[in-house]
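Let's walk through how its pieces pack together.

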Amino acid sequence: MIKLPEDKVIITVAQTGAWPLATKALNPNLPEQPDEIAESAKACYQEGAAICHIHARDKEGKSTGTKEVFQEIHDKIRAQCNIIVQDSTGGGPNLTLDQRIECILAKPEMASLNMGSLMRVTGQYKGIPFANLREDIETYVTRMKGMGIKPEMEVYSHAMFREVENLIKKGLVEKPYYVNLVLGMTYQGAEEATPKSLNSLYEFLPEEAIFNVTAVGAAQLPLTTMGMVLGGCIRIGMEDNMYYRKGELAKSNAQLVARAVRIARELNKEPATPDEARKILGLKVK
Ligand code: KMH
Ligand code: ZN
């Protein structure tokens, strides 16, 4: 695996997340509509985020994959700052596979690529799979490749490395590979957010992969700190964690970015600017 330069960390902010897991009812400060997402992205960029992971919502607040809404979000973000735009193709449980991939027509620089299927084990979608079969993954990545969009490969468990290997073997992803280790999606029956799980997933990373650490819930703070120590990128934000600390809701995504940057600086690391991140990840520098 490739470590980041010792004095750098690439910070992604995942601001919104999927309905019904992340809602204003759970935290009224959650940005959902394009203006809110863009304004919040600018504040996160100013605090040190280099990448913005985007989920879009319709006017009622439910997940949508429509090109128009993603385009509006991209345009509004790009009018205000240089942050890298990364769309979610995980979408939300109310979306079909075709609806989830539609967002890439709005031409993000990056997009998430979920590396296997999970079963929703609690909540209103209990028993409905989050389906990402090998053929679906290959279709998604082929479309991304054709448009010059860099995939962030979402790995939620050890088994998903088989899909990473499959894409590498078939030449469907380009170096440096970018793998997001996602811990704590226990709602979907995935790997727990513990240091042991992170260490173990880390051991399975392919050569020539840059890695990112995402941890859901209270584990976001300790495991992203561990991710920095291990030489990885980190993702923070309300998609994965609504709280600043126990019993205290986050006031904004920027508040979570600011804390991550303070911790990075204590570890002698500076947040990579979007252009520095583009160079490291092999994206076109603007
Ligand atoms: N909800 C995250 C834990 C995606 O959007 O495609 C995983 C995620 C995947 O962000
Ligand atoms: Zn997401």
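In this predicted model, helix 1 (residues 34-47) packs against helix 8 (residues 253-266) with the two axes 8 Å apart and at an angle of about 10°. Angles under 35 degrees count as roughly parallel, and helix 1 and helix 8 are therefore roughly parallel to each other. Look along the pair and you'll find a right-handed crossing. On the helix 1 side, the residues that touch are Ser40, Ala43, Cys44 and Glu47, and they meet Asn253, Ala254, Val257, Ala258 and Val261 of helix 8. Sorted by class, this contact has 6 nonpolar, 2 polar and 1 charged residues.

From helix 7 come Gln220, Leu221, Thr225 and Met228, while helix 8 brings Leu256, Arg259, Ala260, Ile263 and Ala264. The tally for the contact of helix 7 with helix 8 is 6 nonpolar, 2 polar and 1 charged.

Helix 7 also has helix 6 (residues 195-203) as a partner; their axes come within 10 Å and cross at roughly 35°. That crossing is right-handed as well. Pro195, Leu198 and Asn199 in helix 6 touch Leu223, Met226 and Gly227 in helix 7. By class, you get 4 nonpolar and 2 polar residues, with no charged ones.

| Helix pair | Axis distance | Angle |
|---|---|---|
| Helix 1 and helix 8 | 8 Å apart | about 10° |
| Helix 6 and helix 7 | within 10 Å | roughly 35° |

Now for the strands. How many strands make up the closed barrel? There are 8, running 2-3-6-7-10-11-12-13 with parallel pairing. From one strand to the next, the twist averages 25°. To see one pairing up close, take strand 11 (residues 177-183) and strand 12 (residues 209-215): they run parallel and are joined by 7 bridges. Tyrosine 177, for example, has alanine 209 of strand 12 as its bridge partner.

Helix 4 (residues 134-146) touches strand 7 (110-114) and strand 10 (150-155), and its direction makes about 170° with that of strand 7. Helix 8 touches strand 2 (11-14) and strand 13 (233-236), with its direction at about 160° to that of strand 2.

Next, find the metal. The zinc ion (ligand 2) is held by His53 (NE2), His55 (NE2) and Glu239 (OE), at 2.0 to 2.1 Å. Along the chain, these donors follow the spacing H-x1-H-x183-E. Histidine 55 sits in the loop between strand 3 (51-54) and strand 4 (56-57), and glutamate 239 in the loop between strand 13 and strand 14 (243-245), so the pair ties together parts that are 184 residues apart in sequence.

Tryptophan 19 and proline 20 are joined by a cis peptide bond, with omega about 0°; proline 20 is in the loop between strand 2 and helix 1. Another cis peptide bond joins lysine 175 and proline 176, with omega about -10°, and proline 176 lies in the loop between helix 5 (161-169) and strand 11. Lysine 107, a residue other than glycine, has a positive phi near 55°, and you'll find lysine 107 in the loop between helix 3 (97-101) and strand 7.

Definitions and conventions
Residues numbered from 1 in each chain as written. Chains lettered and ligands numbered in written order. Predicted model: local features only at pLDDT ≥ 70, side-chain atom pairs only at ≥ 80, totals over all residues. Heavy atoms only, no water. Contact = heavy atoms within 4.5 Å. Helix = DSSP H or I, 4+ residues; strand = E, 2+ residues; numbered from the N terminus. Nonpolar A, V, L, I, M, F, W, Y, C, P; charged D, E, K, R; others polar. Pairing = 2+ DSSP bridges. Axes fitted to C-alpha atoms, helices over the stretch in contact; angles between N-to-C directions. Donors = N, O, S within 2.8 Å, 3.2 Å for Na, K, Ca; no water. Parallel < 35°, antiparallel > 145°, perpendicular 65-115°, else oblique. Left-handed = near helix turned anticlockwise from the far one by under 90°.
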